[in-house]
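Please examine the sequence and the structure shown here before reading the report.

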Amino acid sequence: MIPRYYFKSAARVTPDWLAERGAKAVIVDLDNTLLPRFTEEVPAELRVWIDSLHAAGIGVVLLSNNHRGRVGRYARLLSVIGVANAVKPLPFGFLRALRALGTTRHETVMVGDQFFTDMLGAALLGLTSVMVLPLSKRDLAHTLILRKLEGLFMRQRQAQ
């Protein structure tokens with residue numbers, strides 16, 4: 001269940017990298033993967049990355065356990081599909097994302113910052129997974145506890 005790939009940021013998941021793996025779409029977590037938690041601004045680099053995926057014909061879905069308002073706002077700002085209240089790692093949100101993308105599990109990559117939500121959910125569905133370093137050390141209390149457990153699983157991994 002260890003993530004297949006471990007990168008410092010989602011920006012390492014380029015259109016060329018995806019094409020080499022036969023991927024046509026990306027499901028990506030929002031908080032601490034694309035934006036630091038408790039941040040409202042969309043950095044220019046994020047827009048450039050999303051635009052590069054769009055230009056290459058790569059589908060993008062934001063998949064988040066966060067509420068519809070927050071996910072919908074950033075989905076609109078980035079011109080991507082948003083799936084809120086995903087209840088990761090359960091498969092329901094992932095399956096909604098796959099339906100929205102119109103891709104198969106083998107054509108889709110999951111990018112996220114949490115082992116027990118993003119990576120576990122991807123593993124349950126057989127998606128290629130990319131774990132990234134969280135963008136902020138600030139997070140919800142339960143997430144901070146889970147990060148300590150993640151450390152037990154991820155000790156041997158070094159982000160590229």
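## Overall architecture

This is a predicted model. The protein chain contains six helices and six strands, and along the sequence these follow the pattern β-α-β-α-β-α-β-α-β-α-β-α.

Of the 160 residues in the protein chain, 50% are buried. The accessible surface of the chain is about 8,000 Å², and carbon and sulfur atoms account for 57% of that area. Among contacts with a separation of 6 or more, 67% are between residues 24 or more positions apart.

## Nonpolar cores

The largest nonpolar core comprises 30 residues, and Leu18, Trp49, Leu62, Val111 and Val130 have the most contacts inside it. Elements that each supply at least two residues of this core include helix 1 (15-20), helix 2 (44-55), helix 3 (68-78), strand 5 (108-112) and strand 6 (128-132). Another core, of 14 residues, lies apart from it; among its members are Ala97, Ala122, Leu125 and Leu127.

Leu62 illustrates the contacts of a residue in the largest core. Leaving aside residues up to four places away in sequence, Leu62 touches Val28, Leu30, Leu34, Val71, Tyr74, Ala75, Val80, Ile81, Gly82 and Val83.

## Helix 5

Helix 5 spans residues 115-125, and eight of its 11 residues are buried, so the helix is largely enclosed by the rest of the structure. The buried residues are Phe115, Phe116, Thr117, Asp118, Met119, Gly121, Ala122 and Leu125. Of these, Ala122 and Leu125 belong to the core of 14 residues.

After helix 5 comes Gly126, which has a positive phi, near 75°.

Note on methods
Residues are numbered from 1 along each chain as its sequence is written. This is a predicted model: local features need pLDDT of at least 70, side-chain atom pairs count only at pLDDT 80 or more; totals for chains, interfaces and linings use all residues. Side-chain values use heavy atoms; hydrogens and water are left out. Buried means under 20% relative accessible area, exposed over 50%, partly exposed in between (1.4 Å probe, protein chains only). Helices (H or I, at least four residues) and strands (E, at least two) are DSSP runs, numbered from the N terminus. A nonpolar core is a set of buried Ala, Val, Leu, Ile, Met, Phe, Trp, Tyr and Cys residues joined through side-chain atoms within 4.5 Å. Contact means heavy atoms within 4.5 Å. Accessible areas come from the Shrake-Rupley method with a 1.4 Å probe; for residues, only the protein chains shown count as cover.
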